[in-house]
Amino acid sequence: MRQIEKTSVFTRDLQKLPEDIQKEAWDVSCILKENIFDSRLAIKKLEGYKKVWRVTVKKDYRMVYTFSTECIYLLRIKHRKDIYRIEI
(Lines give C-alpha, C1' and ligand atoms only; values in the text may rest on other atoms or scores of the structure.)
Protein backbone atom coordinates (compact mmCIF):
# COMPACT_ATOMS: atom_id res chain seq x y z
CA MET A 1 0.00 0.00 0.00
CA ARG A 2 1.32 3.44 -0.94
CA GLN A 3 1.46 6.53 1.26
CA ILE A 4 -0.31 9.72 0.20
CA GLU A 5 1.73 12.93 -0.05
CA LYS A 6 -0.01 16.25 -0.76
CA THR A 7 1.76 19.28 -2.20
CA SER A 8 1.12 22.65 -0.57
CA VAL A 9 -0.56 23.82 -3.79
CA PHE A 10 -2.89 20.79 -3.70
CA THR A 11 -3.81 21.60 -0.10
CA ARG A 12 -4.64 25.21 -1.03
CA ASP A 13 -6.71 24.03 -4.03
CA LEU A 14 -8.59 21.56 -1.83
CA GLN A 15 -9.43 24.13 0.85
CA LYS A 16 -11.15 26.33 -1.75
CA LEU A 17 -13.52 23.55 -2.81
CA PRO A 18 -16.96 22.72 -1.34
CA GLU A 19 -17.02 20.18 1.49
CA ASP A 20 -18.68 17.44 -0.55
CA ILE A 21 -15.92 17.67 -3.18
CA GLN A 22 -13.27 17.56 -0.43
CA LYS A 23 -14.83 14.39 1.00
CA GLU A 24 -15.05 12.75 -2.41
CA ALA A 25 -11.41 13.67 -3.12
CA TRP A 26 -10.42 11.93 0.11
CA ASP A 27 -12.45 8.85 -0.85
CA VAL A 28 -10.79 8.75 -4.28
CA SER A 29 -7.36 9.13 -2.63
CA CYS A 30 -8.07 6.14 -0.40
CA ILE A 31 -9.02 4.03 -3.42
CA LEU A 32 -5.82 5.13 -5.20
CA LYS A 33 -3.85 4.18 -2.11
CA GLU A 34 -5.15 0.61 -2.38
CA ASN A 35 -4.89 0.22 -6.17
CA ILE A 36 -3.34 2.91 -8.37
CA PHE A 37 -5.34 1.82 -11.45
CA ASP A 38 -8.63 0.81 -9.83
CA SER A 39 -11.34 0.17 -12.43
CA ARG A 40 -13.94 2.12 -10.40
CA LEU A 41 -12.05 5.36 -11.09
CA ALA A 42 -11.91 7.36 -14.32
CA ILE A 43 -8.12 7.54 -14.68
CA LYS A 44 -6.25 8.89 -17.69
CA LYS A 45 -2.64 9.74 -18.39
CA LEU A 46 -2.05 13.43 -19.11
CA GLU A 47 -0.62 14.11 -22.54
CA GLY A 48 2.69 15.95 -22.59
CA TYR A 49 3.83 14.54 -19.24
CA LYS A 50 5.78 11.35 -18.65
CA LYS A 51 4.30 10.14 -15.36
CA VAL A 52 1.34 12.39 -14.54
CA TRP A 53 -2.21 11.08 -14.31
CA ARG A 54 -5.63 12.54 -13.60
CA VAL A 55 -8.68 11.08 -11.96
CA THR A 56 -12.24 12.39 -12.03
CA VAL A 57 -13.76 13.54 -8.74
CA LYS A 58 -17.54 14.09 -8.68
CA LYS A 59 -17.90 14.41 -12.47
CA ASP A 60 -16.72 18.04 -12.75
CA TYR A 61 -13.43 18.03 -10.83
CA ARG A 62 -10.05 16.56 -11.74
CA MET A 63 -7.30 15.52 -9.37
CA VAL A 64 -3.81 15.38 -10.89
CA TYR A 65 -1.24 13.05 -9.37
CA THR A 66 1.93 11.08 -9.93
CA PHE A 67 3.25 8.07 -8.07
CA SER A 68 6.28 5.98 -7.19
CA THR A 69 6.53 2.51 -5.71
CA GLU A 70 6.09 3.92 -2.17
CA CYS A 71 4.03 7.12 -2.59
CA ILE A 72 1.18 8.82 -4.40
CA TYR A 73 1.87 12.55 -4.85
CA LEU A 74 -1.29 14.63 -5.15
CA LEU A 75 -0.34 17.65 -7.26
CA ARG A 76 -3.48 19.68 -8.03
CA ILE A 77 -7.29 19.53 -7.86
CA LYS A 78 -9.50 21.93 -9.79
CA HIS A 79 -12.70 22.18 -11.82
CA ARG A 80 -12.37 20.48 -15.20
CA LYS A 81 -12.53 23.79 -17.09
CA ASP A 82 -9.56 25.15 -15.12
CA ILE A 83 -7.27 22.18 -14.45
CA TYR A 84 -5.80 21.97 -17.95
CA ARG A 85 -4.97 25.71 -18.07
CA ILE A 86 -2.67 25.73 -15.06
CA GLU A 87 0.96 24.74 -14.70
CA ILE A 88 1.45 21.45 -12.94
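Which residues of helix 1 are buried? I started there, keeping in mind that this is a predicted model. Helix 1 covers residues 8-15, and its buried residues are F10, D13 and L14. I then looked down the helix axis: these buried residues fall within an arc of 95°, so they line one face of helix 1.

Next I checked what the buried face packs against. The buried residues of helix 1 meet strand 1 (3-6) and helix 2 (19-34), and also strand 4 (61-67) and strand 5 (71-79).

**Cores**

I looked up the largest nonpolar core and got 20 residues. Those with the most contacts inside it are L32, V55, V57, M63, Y65 and I77. Where does this core draw its residues from? Helix 1, helix 2, strand 3 (53-57), strand 4 and strand 5 each supply at least two. Helix 2 gives the largest share, five residues. Another core, of five residues, lies apart from it; I noted L46, V64, L75 and I83 among them.

Y65 got its own look. Leaving aside neighbours within four places in sequence, I listed its contacts: L32, I36 and I43, then K51, V52, W53, R54 and V55, and finally I72, Y73, L74 and L75.

**T66**

I moved on to T66, which sits in strand 4. Is T66 buried or exposed? T66 has a relative accessible area of 18%, and the cut-off for buried is under 20%, so T66 counts as buried. A polar atom of the T66 side chain lies 2.5 Å from the backbone oxygen of K51. K51 also turns up in the list of residues that T66 touches, along with C71, I72, Y73 and L75, not counting residues up to four places away in sequence.

**Cysteines**

How many disulfides does a search of the whole structure find? I got zero. C30 is in no disulfide, and the nearest cysteine sulfur to it, that of C71, is 14 Å away.

C30 is partly exposed, with a relative accessible area of 28%, whereas C71 is buried at 8%.

Methods: Residues are numbered from 1 along each chain as its sequence is written. This is a predicted model: local features need pLDDT of at least 70, side-chain atom pairs count only at pLDDT 80 or more; totals for chains, interfaces and linings use all residues. Side-chain values use heavy atoms; hydrogens and water are left out. Buried means under 20% relative accessible area, exposed over 50%, partly exposed in between (1.4 Å probe, protein chains only). Helices (H or I, at least four residues) and strands (E, at least two) are DSSP runs, numbered from the N terminus. The arc is that of the directions from the helix axis to the C-beta atoms. Contact means heavy atoms within 4.5 Å. A nonpolar core is a set of buried Ala, Val, Leu, Ile, Met, Phe, Trp, Tyr and Cys residues joined through side-chain atoms within 4.5 Å. A polar contact is a pair of N or O atoms within 3.5 Å; within protein, one must be able to donate a hydrogen and the other to accept it, and residues adjacent in sequence count only if both atoms are side-chain atoms. A disulfide is a pair of cysteine sulfur atoms within 2.5 Å.
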